[in-house]
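Let's take a look at how two protein chains meet. Keep the 3D view open while you read.

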Amino acid sequence: MNTRARITGILAVGLLIWGVSAASAQSGDAQTLLAEMDSILYPDSFHMKVVMATHRPDRRDMQMTMESYYKQDVGTLIEILDPPRSRGTKFLQKEGSLWMYNPKSNSSRAIRLSPRDSFQGSVFSNNDIGDPKYANDYRASFGSDQTIQNKDLGNVECRTLIGEPKGPTAAYGKIKVWLRKSDNMPLRMDYYAKSGLLFKRLILTSFKQLAGEQRPSMWRMDSLEQKDAYSTVEIQQLEARNNLPDRMFTEANLTR
Amino acid sequence: MTLNHCPHKKKLRCAIGAAALFLLLVSAPLSAQDYSVYGEITGSSTYHRVPDAAAQNVLTGEVKISANHRLTFQAGDFVAHHFLTIDQDGDYTHTVTEAYLNLFASPEVSISLGRQRINWGTGYTFAPTDSLHPETADPEVDMGFDGSSVLYTPGSNFTVSLALSLDDALGQVSREFYNGLKYAVYASLFAGSTTIAPSIVYEPDRTFRPGLSLSTEILNTVIFAEAACEFLNQAVYPNLSGSPLTRTAASWDPYPLLAAGVEKSFGNDIIDVNLLTEYYYNSAGYSGAEADALYADPAGLAGAGAGTGGNGGGAGLLRRHYASETVTVDLAGYVTAEGAVLVNLQDGSGAVEHSATVTALRGIDFKATGRWYFGKKGESEFGTFPLAAVLPGRATVELSATVHF
């Protein structure tokens with residue numbers, strides 16, 4: 001091999017390494033943005049009170065008030081406060097597993113549920129409600145920049161992230177996220193089934209100061225499988241809580 | 001003081017107990033950080049059909065008021081679950097299923113004192129590992145044990161509960177107090193998507209039951225299993241003549257118990273369906289020969305040993321295999337229908353329950369329930385208290401309305 005060929009080979013390998021590392025760095029930046037989006041949506045650990053409403057064309061309209069506690073890398077505990085029929089019903093989500101306890105069921109036992117099932121008949125899944133962090137479950141990469149319309153903000157320039165599941169515990173086959181370019185505020189998310197079907201869309205609006213930061217307070221999840229079926233979650237109260245004890249997020253505590 | 005299931009003679013004690021509970025619940029909120037109460041009021045009418053016993057074909061009615069209280073303090077909370085039933089004659093029964101003080105000694109340790117339950121096992125219809133909590137005649141009532149417990153939570157995925165039950169020690173005249181104490185340890189480890197829960201319950205001469213529970217989720221299907229071995233098998237006989245429950249002497253032979261099943265939910269735009277299938281096997285209890293002797297001469301078994309309360313070994317025939325299936329359908333949020341069947345696989349006896357609940361109105365349910373029983377023989381063994389259950393052709397129809405508050 002002559003010197004020119006050797007130099008060409010070295011340059012080719014160098015370019016390849018640079019290309020891979022650049023792509024990796026970009027992917028890493030995308031992952032950082034996904035984690036940043038998580039922290040814009042919620043603090044690391046928090047207490048929250050929300051009102052969830054669901055409309056489906058063939059079903060009774062539902063509205064419920066819930067209180068939830070979330071501790072990062074530990075779990076989520078949710079209690080229904082209203083309507084009276086469901087009051088006291090509690091949910092515990094941990095690492096992709098979900099339990100429900102209904103004190104009016106005459107049983108002291110918690111029932112295990114599938115995280116991918118609908119949460120209380122809503123368009124949200126159990127996982128959407130119980131696991132509000134995406135960076136843990138999805139590997140992010142950049143998509144193309146787009147301009148979308150937001151009800152409160154008008155036309156907004158956005159960058160997009162594509163999230164591919166890191167493992168089998170991820171609830172969706174793929175997610176796509178629209179972040180406002182100026183501050184990475186999340187405005188929209190599309191959810192794909194494992195089959196590749198786009199079946200749910202989340203729109204975030206009503207930005208206000210919550211737990212010391214500007215955050216969306218109204219979440220609307222539309223079903224793309226059933227016309228005019230949607231659920232909304234309105235955050236009424238959100239406070240960062242860094243002192244939540246682990247014992248709150250145990251099966252033992254769920255039934256107490 | 002015993003507050004549960006107060007008959008007429010105990011009305012005074014019941015009233016005092018209820019008043020004490022009421023005062024505690026009314027006064028404690030003054031110093032509590034937070035107080036919440038919720039519950040329901042149900043009025044029901046039930047028609048009972050008993051074949052070949054026309055006098056027992058009766059219509060009964062009752063009102064049931066149940067409430068759940070929680071007082072939250074800086075260092076703990078007080079929790080109470082209780083209900084009051086009033087029948088058509090005005091007789092009432094007040095039952096406290098739980099009333100305990102829960103103190104947070106540290107972020108990892110909490111101590112509970114009073115009548116309480118520990119979330120135990122994974123079986124739905126039958127919990128083989130659980131001989132800590134007392135059994136009741138009404139399978140719909142999950143009664144707590146009287147005593148204390150310590151819950152240690154070194155991490156969110158691992159908990160250990162230590163419990164001391166006084167159920168068999170309180171009010172005992174024939175046993176030493178310390179021989180009536182029941183000790184239990186229950187640990188729960190969550191790893192991946194699997195919960196593993198070993199446990200042991202021990203009471204001298206009454207029960208020694210090590211066990212293990214598992215549950216996991218695979219492909220949107222929940223799978224659970226629970227197994228135990230009872231080494232003392234102190235059988236408990238049903239109450240035939242108003243006398244205390246009769247117990248046999250304990251023996252150190254192994255009696256295995258098992259429950260396993262799957263649970264699956266699915267649905268479409270209108271209907272949500274939940275299926276629960278479970279098999280269980282209970283080898284603790286009394287033998288068929290002992291059961292025949294009991295039916296023939298209830299007094300003849302009295303000499304075998306006596307005691308009240310608790311759940312030492314098993315109540316019912318030895319070596320019972322059961323299968324149960326429950327189907328729950330929610331129709332567009334307006335109506336919930338449920339069908340359940342429980343069959344004794346050995347004698348073919350069983351029970352079926354159908355119900356439909358209208359949930360269209362906010363805060364009010366209207367429910368119709370039908371129950372009927374089948375079996376090959378007149379004294380078909382079924383459930384925990386056989387004489388209270390199966391007679392072929394026996395059936396009930398119940399209509400009820402429930403207001404939630």
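## A salt bridge between the chains

Start with Asp272(B): this residue is partly exposed, with a relative accessible area of 28%. (Buried means under 20% relative accessible area, exposed means over 50%, and partly exposed is in between, using a 1.4 Å probe and protein chains only.) Arg59(A), on the other hand, counts as buried at 9% relative accessibility.

The side chains of these two, Asp272(B) and Arg59(A), form a salt bridge, 3.0 Å from N to O. Asp272(B) sits in strand S15 (residues 271–282) of chain B, while Arg59(A) is in the loop between strand S1 (45–55) and strand S2 (62–71) of chain A, so the pair joins two chains. A salt bridge here is a side-chain nitrogen of Lys or Arg within 4 Å of a carboxyl oxygen of Asp or Glu. Side chains of opposite charge can pair when their charged atoms come close.

## What you're looking at

This is a predicted model, where local features need pLDDT of at least 70, side-chain atom pairs count only at pLDDT 80 or more, and totals for chains, interfaces and linings use all residues. Residues are numbered from 1 along each chain as its sequence is written, chains are lettered from A and ligands numbered from 1 in the order written, and side-chain values use heavy atoms, leaving out hydrogens and water.

## The wider interface

How many salt bridges are there between chain A and chain B? The count is three. Arg362(B) and Asp82(A) also pair up this way, at 2.9 Å from N to O.

The contact (heavy atoms within 4.5 Å) takes in 41 residues of chain A and 64 residues of chain B. Together the two chains bury about 4300 Å², with 42% of it on carbon and sulfur atoms. That buried area is the accessible area (1.4 Å probe) that two parts lose on being put together, summed over both.

## Salt bridges inside a chain

Across all chains, the whole structure has 20 salt bridges. In chain A, Lys71(A) meets Asp246(A) at 2.8 Å, N to O, in one of these salt bridges. Lys71(A) lies in strand S2 and Asp246(A) in the loop between strand S14 (230–240) and H3, so the pair ties together parts that are 175 residues apart in sequence. (Helices, H or I of at least four residues, and strands, E of at least two, are DSSP runs numbered from the N terminus.)

Chain B has a salt bridge between Asp77(B) and Arg70(B), with the closest N and O atoms 2.8 Å apart. Asp77(B) is buried at 8% relative accessible area, whereas Arg70(B) is partly exposed at 24%.
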